[in-house]
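Dear colleague,

Please find below the structure that I am handing over to you. My notes on what was found in it follow directly after it.

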Amino acid sequence: MNNYDTLEIRSADERAADLSATLPAQITRAKTAPGLKVLLGDVDAESITDVAALSRLPVLRKSELGKAQAARPPLGGLTTRPAAGFAHIFQSPGPIYEPGGIEPDWWRIGRFLHACGIGTGDIIHNCFSYHLTPAGMIFESGARAVGAAVLPAGTGQTELQVQAAADIGTTAYAGTPDYLKIILDKADEMGAALSITKAAVGGGALFPSLRQEYAERGITCLQNYAAADLGNIAYESAAMEGMIVDEGVIVEIVTPGTGTPVAPGEVGEVVVTTLNADYPLIRFATGDLSAVMEGQSPCGRTNMRIRGWMGRADQTTKIKGMFVRPEQVADFVAQNEAITKARIIATREGEKDVMTVQVEANGGNRDSFESSVVQFLRMKGRVEVLAPGSLPNDGKVIDDQRLYD
């Protein structure tokens, strides 16, 4: 394997030793940001030396970013330098504002591009947006890190995209998975020969059929998982077995609506702690679902792998006119010692909403469970008691089975 750096091939002991030094320093740094200091409280940074200790800290949710930014505009007191100290300020839907730096590979995308085989001699056709949102600049920063040139194409004007790709001889594509097909189909229509043989995609689902179509055209397509607030989180290598966690973040998988880690292999919400010194988000809940994969990637990279994006964790659903949230389900489970797992199912019977609460339990009493449902979910529901291991491992705690069409 032609690794990007030695961080990718550390042993488990080396990785743990590095984390024991890096994590307390990052917690200390985060506490210099007034908004994060409030969130972290009086935690002793020196005691947070591993992921187990980290998991005891509170979770920061996306919704809290907006509230913090409204209270302390524009960046919510969540950064270690003022807004004017950054090279860029971006706006994402919400609106949520994110800082951006021009320091080398600030978002750590170079590691992913290197895994795609992109480097010196390549020209990247960058179709991520440069308008307000950071995706275009994120990938441009990564291109600089690996020595590739960039055509800052953005989106739209497909005929001009094809002409530019043909005239310049772009060799790699960066953008959403499906937009590359639009460019390729337009090139076929125009009779233009393109030189793209590598694709680094993100921001949407890469379906196997689409990846296969690109492969048949001679294009190797790999995907990554990133966020405007966090930069690169995980990425594919040529092995294409799950996604390898980036070396600049710590990833936990927790029960949706909580900060409690799930058992290895269980589907849960992705929570990320970034080691970015300027924007040190601690236990940031992405709202995405994934699961940890066992073992090590065949490509030789040694960091933890996840299964990629598996849906959204925010499953808040209105039943009988009232919202039911994952946090309520988590509280219901936590307060019933016999229950190990629960799932809410919303259905319709006779034009009325019906709530069924399925629980995996060792013992316990159905009547007490039903009383607890009313207490924590604020409405009555049927309770079905199941044996441990009966519920699917898909991360769902609220399953809305009602048909809306």
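Directly after helix α7 comes G169, which has a positive phi, near 80 degrees. The model is a predicted one, in which local features require pLDDT of at least 70 and side-chain atom pairs count only at pLDDT 80 or more, while totals for chains, interfaces and linings use all residues. Residues are numbered from 1 along each chain as its sequence is written, and side-chain values use heavy atoms, with hydrogens and water left out. Helices (H or I, at least four residues) and strands (E, at least two) are DSSP runs, numbered from the N terminus.

Helix α7 itself covers residues 158-168, and T158, Q161, V162 and A165 are buried in it. Viewed down the axis of α7, these buried residues fall within an arc of 95 degrees, so they line one face of the helix. The arc is that of the directions from the helix axis to the C-beta atoms. Buried here stands for under 20% relative accessible area, exposed for over 50%, and partly exposed for values in between (1.4 Å probe, protein chains only). The exposed residues L160 and D167 sit on the face of α7 turned away from its buried side. The cover over the buried residues of α7 includes β4 (123-126) and α8 (177-190); contact, throughout this message, means heavy atoms within 4.5 Å.

The loop between α8 and β7 (198-201) holds I196. With a relative accessible area of 7%, I196 is buried. Apart from neighbours within four places in sequence, I196 is in contact with T170, T171, A172, Y173, L180 and I219. From I196 to T220 the separation is 24 residues in sequence and 9.3 Å in space, C-alpha to C-alpha.

Phi is positive in D105, at about 50 degrees, although D105 is not a glycine. For R108, also a residue other than glycine, phi is positive and near 65 degrees. D105 counts as buried at 15% relative accessibility, and R108 is buried with a relative accessible area of 14%.

Leaving aside neighbours within four places in sequence, the residues in contact with R108 are L230, G231, N232, D246, G248, V249 and T274.

D246 lies in the loop between β10 (243-245) and β11 (249-254). Its relative accessible area is 0%, and D246 is therefore buried. Not counting residues up to four places away in sequence, D246 touches R108, R111, N232, I233, A234, Y235 and N303.

Turning to helix packing, the axes of α10 (residues 326-334) and α11 (residues 366-377) come within 9 Å and cross at roughly 145 degrees. Axes are lines fitted to C-alpha atoms, for helices over the stretch in contact, and angles run from 0 to 180 degrees between N-to-C directions. On the α10 side, Q328, V329, D331 and F332 meet F369, S372, V373, F376 and L377 of α11. By class, this contact of α10 with α11 has six nonpolar, two polar and one charged residues. Ala, Val, Leu, Ile, Met, Phe, Trp, Tyr, Cys and Pro count as nonpolar, Asp, Glu, Lys and Arg as charged, and the others, Gly among them, as polar.

Finally, a cis peptide bond joins P73 and P74, with omega about -5 degrees. P74 is placed in the loop between α4 (62-71) and β2 (88-92).

With kind regards
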